[in-house]
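Hi everyone, thanks for coming. Let me put a model up on the screen, and then I'll walk you through it.

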Amino acid sequence: MPHYIDPHIHMVSRTTDDYHRMALAGCVAISEPAFWAGFDRGSARAFHDYFRQLTEYEPKRAALFGIRHYSWLCINAKEADNVSLSREVISLIPEFMSQPNVLGVGEIGLNKNTANEATIFQEHLDLAAKTDELVLIHTPHLEDKFKGTRMIIDMLKNDTRVKPHRVCVDHVEEHTIRLALDGGFWCGMTLYPLTKCTPQRACDMLEAFGTERVLANSAGDWGKSDPMAVPELIQEMRRRGHPEETIRTVVYDNPLAFWRQSRNWKEPAGLPTLA
Ligand SMILES: [Zn+2]
């Protein structure tokens with residue numbers, strides 16, 4: 001197995017055994033965006049604890065398996081419908097932004113495409129613009145996806161401070177990948193066993209749209225998902241005869257190239273070097 005990176009996985013809701021299996025499969029680094037916990041948190045204080053977990057505790061758990069752990073901070077789109085709570089949480093973020101494993105602001109976005117969610121999305125863009133942070137974006141699922149992706153891209157384009165090459169639009173599918181790539185953004189394909197895109201559909205998209213600015217991730221979380229999804233994509237690409245360097249571009253060089261733009265980035269010792 002080649003080395004690979006999973007640029008979107010919620011390890012706080014996975015077991016230590018998952019880290020072990022990922023390391024055995026060649027995982028050398030992951031990034032963990034701040035997300036919903038499966039329930040609505042009762043106060044900003046709970047987010048403060050979560051941010052400590054993402055920046056202090058989880059990197060140590062990953063390091064036990066030789067995996068570098070990076071994170072992204074925000075209030076997720078689902079809880080962002082509560083504007084006053086969201087503003088409190090956003091005010092907590094700057095104290096964590098310079099922690100050594102933080103890559104930027106994320107995963108911000110829309111869930112039900114509400115006006116409140118859009119307001120908080122734009123306030124996160126303000127936060128990111130102040131210190132020129134990378135941005136990672138969650139696009140809504142299923143029937144809300146196309147409209148939500150359209151709304152997000154419009155908000156990004158309307159904000160003149162946003163530099164598309166410093167933004168990744170995640171969970172793209174066949175009907176939204178063009179919107180992201182044509183806008184100059186990076187995009188992430190989320191590999192789910194059934195919903196979102198399967199490794200086969202991701203492979204079809206790579207064949208149709210190419211590998212430039214495209215990432216692949218498992219988005220493993222507390223729900224039904226597969227932390228081994230990126231190795232599954234590697235297998236599918238091999239089965240179809242894609243050269244090893246193309247595979248490496250998608251599962252290693254691309255996520256690293258995106259992350260390296262982070263203001264906070266320090267080249268870690270011992271990571272296999274870029275081709
Ligand atoms: Zn996520």
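I'll start with the overall picture, move on to the sheet and finish with some backbone details.

A quick word on the ground rules. This is a predicted model, so local features need pLDDT of at least 70 and side-chain atom pairs count only at pLDDT 80 or more, while totals for chains, interfaces and linings use all residues. Residues are numbered from 1 along each chain as its sequence is written.

The protein chain has 9 helices and 8 strands; helices (H or I, at least four residues) and strands (E, at least two) are DSSP runs, numbered from the N terminus. The radius of gyration is 17 Å, close to the 19 Å from the globule rule for 275 residues, so the chain is as compact as a globular protein of that length. That radius is taken over C-alpha atoms, and the rule is 2.2 Å times the number of residues to the power 0.38. Along its principal axes, the C-alpha trace spans about 50 × 40 × 30 Å.

Of the 275 residues, 45% count as buried. Buried means 20 or more other C-beta atoms within 10 Å of the residue's own, exposed means 12 or fewer, and partly exposed is in between, with C-beta atoms placed from the backbone.

Now, the sheet. What is the order of its strands? This open sheet of 8 strands runs β1-β2-β3-β4-β5-β6-β7-β8, with parallel pairing; two strands pair if DSSP finds at least two bridges between them. At the edges sit β1 (4-6) and β8, each pairing on one side only. Strand β7 (residues 186-190) pairs with β8 over 4 bridges, in the parallel sense, and Cys187 stands opposite Val214 in β8.

Helix α4 packs on the sheet, touching β4 and β5 (134-138), and its direction makes about 165° with that of β4. For contacts, C-beta atoms placed from the backbone lie within 7 Å; for angles, axes are lines fitted to C-alpha atoms, for helices over the stretch in contact, and values run from 0 to 180 degrees between N-to-C directions.

Finally, the backbone details. A cis peptide bond joins Gly106 and Glu107, with omega about -10°, and Glu107 is in strand β4 (residues 102-109).

Two non-glycine residues have positive phi: Asn113 at about 60° and Ala219 at about 45°. Are they buried or exposed? Asn113, in the loop between β4 and α4 (115-130), is partly exposed, with 18 other C-beta atoms within 10 Å. Ala219, in the loop between β8 (214-217) and α8 (229-239), is buried, with 26.

Definitions and conventions: Contact = placed C-beta atoms within 7 Å.
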